[in-house]
Amino acid sequence: MRNVVALTQRELSAYLYSPIAYLAGFAFLLLTGLLFIYTTFIPGQESTVTPLFTAMASAFVLCLPILTMRLLSDEYATGTIETLMTAPVKDVEVVLSKFLGVWLFYCMLLAPTLIHVALIAVYGQLDWGVTLVAYLGMLLLGALYAAVGVFASACTRYQLVAAIFGVGLLAALTFLTDFMSRQWPGMRHILAYLNVGGQFDDFSQGFFDTTALVYFVSGTAFFLFLASKVLESKRWR
Amino acid sequence: MIRVHNLTKHYGPRKAVDSISFHIEEGEIVGFLGPNGAGKTTTLRILTCYMPATSGSASVAGHDVFSESLAVRRVIGYLPENVPLYTDMRAREYLQFRGKLHGLGKAERDAAIKRVADLCWMGDFIDRPIRQLSKGMRQRVGLADALLHDPKVLILDEPTIGLDPTQIRETRHLIKELAKRHTVLLSSHILPEVEATCQRTIIIAGGRIVASGSPDQLKERIRGGSRLIAEIHGPTPDVTRSVEGVTGVKSVAHTSNNGWVRLTIDTQKERDPREEIVKMAVQRGWPLREIRLEVGSLEEFFVQITAQQQMRAKGQAEFAGLASGEAAA
């Protein structure tokens, strides 16, 4: 556990010390700000964050893999993985800390959206319960996306490949499953279940849905498990 | 302290390490010597639990590297070949981070960092970002990291590569100092390096151990067929014939210059006919201005032995190629 804390600290500070963090923060604020103006902050519309979060969920398919791409790929490319894997640290701890590092950074990026919430609260009547559940949904969504990103980064030493692979996987989980479930009526139930959007909609609309909770938690765990197995298998080559 | 038994590692069809076995006792300082690509780094990586062996076994401080990997990693301090470091951190931050991974508390960490910073002369750059450090400084950060948790066993892969001559001398001195408290296994492809620092040398080539022993023992092995150099003044044919007649002389090669005959004499095994040659020259009344035994240097031995190994490997490859060719036909 102490290892996880030390490694997570290191991961998080690596984000905060790099210019990427501030670039990402800037892009993120710009993006959420624009989405907020054009989808949510419209006179006469229901005062809720739902449209903003739905739009953000789609945008993150592109954003999160860029944040996660360096996590393990960079360690492979620079060789620091050798010092890491010969320290008394378990592979699972490495993967878990990488995940926690990027997820905490994601939470920091998410924090400024509270400004938008405040604006809605000032100009409309905000349902705080719905908002809280919607934020929980965002945190769970971020966890799943980050886990997919960690897995993609564990697979290759090339950051660009990791990013593209991550975007591909996320696109498959969001857009592809949605599209295919309409193409193949027979597989509809399975594909609709796998679709992130469908699960996330409940949260963003303020329904606390345990099915969706299980979906996000188990999905995150599944990809982290895959990542740790991939990391372990790297030793054998 | 380190026990290796029939260790083999394949990379695909290529055998990087081919059933090697050796033991290293506590407090020993052992050099792992071999040309590039001999399997040194692979062996060290197996010992440090970075990668598992294909077959065979290895243990460090009584812990098996495969089944008790974490225990092994706790007792080892490892300096990898290219000294990979997180360049976005400052040297001190990096050591703090590594100390945490080794389970050192705050006070212990601070004390340990002070100790290793002194040992590795890091005083003037410990608070600089690693990105800005030179190769030699990085090497010292890596070494400091390896020493941080006061490990029983130090495994150093090419510890002086990329350092300038002064730093090389200082590092060698440091390694010798360290050997008083730690068991050290270091690898190198530079022979004087190993000769200068290690009590024992294991020479590896083509994934196999080709020789091992103290530098003196290794020299002993080549003394068997050593050579004499002599310079005698006299008529060339007479001189060579007479020297060839001395017992213990196997063959003689000569060059002559102004009446001086320079002889390169191969002796029979375990024979030293210097005395007889001097007596013979005096009897004949030929002036003799030089006679000496040329003991093969460790360097020569190394080149000879690794060349043999490569020839053998090449022969095998050709044979295998031939065999598969025949099979195809």
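The model is predicted: local features need pLDDT of at least 70, side-chain atom pairs count only at pLDDT 80 or more, and totals for chains, interfaces and linings use all residues. Residues are numbered from 1 along each chain as its sequence is written, with chains lettered from A and ligands numbered from 1 in the order in which they are written.

## Chain B overall

Chain B has 11 helices and 14 strands. Helices (H or I, at least four residues) and strands (E, at least two) are DSSP runs, numbered from the N terminus. Of its 329 residues, 37% count as buried. A residue is buried if 20 or more other C-beta atoms lie within 10 Å of its own, exposed if 12 or fewer, and partly exposed in between, with C-beta atoms placed from the backbone. Among contacts in chain B with a separation of 6 or more, 67% are between residues 24 or more positions apart. Two residues are in contact if their C-beta atoms, placed from the backbone, lie within 7 Å.

The domain assignment divides chain B into domain 1 (2–221) and domain 2 (227–294); such bounds come from an automatic or database domain assignment. The C-alpha centres of domain 1 and domain 2 of chain B are 48 Å apart.

One open sheet of chain B has 4 strands in the order β2-β1-β4-β5, with antiparallel pairing. Strands pair if DSSP finds at least two bridges between them. In chain B, β2 (14–24) and β5 (63–64) are the edge strands of this sheet, each with a single partner strand, so one side of each has no neighbour in the sheet. Helix α1 (residues 40–47) of chain B packs on this sheet, where it touches β1 (2–11), β2 and β4, and its direction makes about 120° with that of β1(B). Axes are lines fitted to C-alpha atoms, for helices over the stretch in contact, and angles run from 0 to 180 degrees between N-to-C directions.

The other open sheet contains 6 strands of chain B in the order β6-β7-β8-β3-β9-β10, and its pairing is mixed. Its edge strands are β6 (76–79) and β10 (208–213) of chain B, each pairing on one side only. From one strand to the next the twist averages 15°. α1(B) packs on this sheet too, touching β3 (29–33), β7, β8 and β9 (200–205) of chain B, at about 150° to β7(B). Helix α5 (residues 135–147) of chain B lies across β6 and β7 of chain B and runs at about 170° to β6(B).

## Strand pairs of chain B

| Strand pair | Sense | Bridges |
|---|---|---|
| β4(B) and β5(B) | antiparallel | 2 bridges |
| β7(B) and β8(B) | parallel | 5 bridges |
| β11(B) and β14(B) | antiparallel | 6 bridges |
| β11(B) and β13(B) | antiparallel | 7 bridges |
| β12(B) and β13(B) | antiparallel | 8 bridges |

B:Ile155 stands opposite B:Leu185 in β8(B), and B:His63 in β5(B) is the bridge partner of B:Val60.

B:Trp260 is the bridge partner of B:His233, while B:Asp266 stands opposite B:Ser251. β12(B) and β13(B) form a hairpin with 2 residues between them, and B:Asn258 in the turn has a positive phi of about 55°.

B:Ala230 stands opposite B:Ile291 in β14(B). Of the 7 residues of strand β14 (residues 288–294) of chain B, 0 are buried, so the strand lies largely in the open.

Helix α8 (residues 128–155) and helix α11 (residues 196–204) of chain A have axes that come within 7 Å and cross at roughly 155°. α8(A) and α11(A) are therefore roughly antiparallel. By angle, under 35 degrees counts as roughly parallel, over 145 as roughly antiparallel, 65 to 115 as roughly perpendicular and the rest as oblique. Residues in this contact include A:Leu136 and A:Leu141 of α8(A) and A:Phe200 and A:Phe203 of α11(A). The contact residues divide into 8 nonpolar, 2 polar and no charged. Ala, Val, Leu, Ile, Met, Phe, Trp, Tyr, Cys and Pro count as nonpolar, Asp, Glu, Lys and Arg as charged, and the others, Gly among them, as polar.

Between the chains, 19 residues of chain A are in contact with 21 residues of chain B. On the chain A side, α1 (2–17) and α5 (80–85) of chain A each supply at least two residues, and the largest share, 6 residues, comes from α1(A). That side has 8 nonpolar, 7 polar and 4 charged residues.
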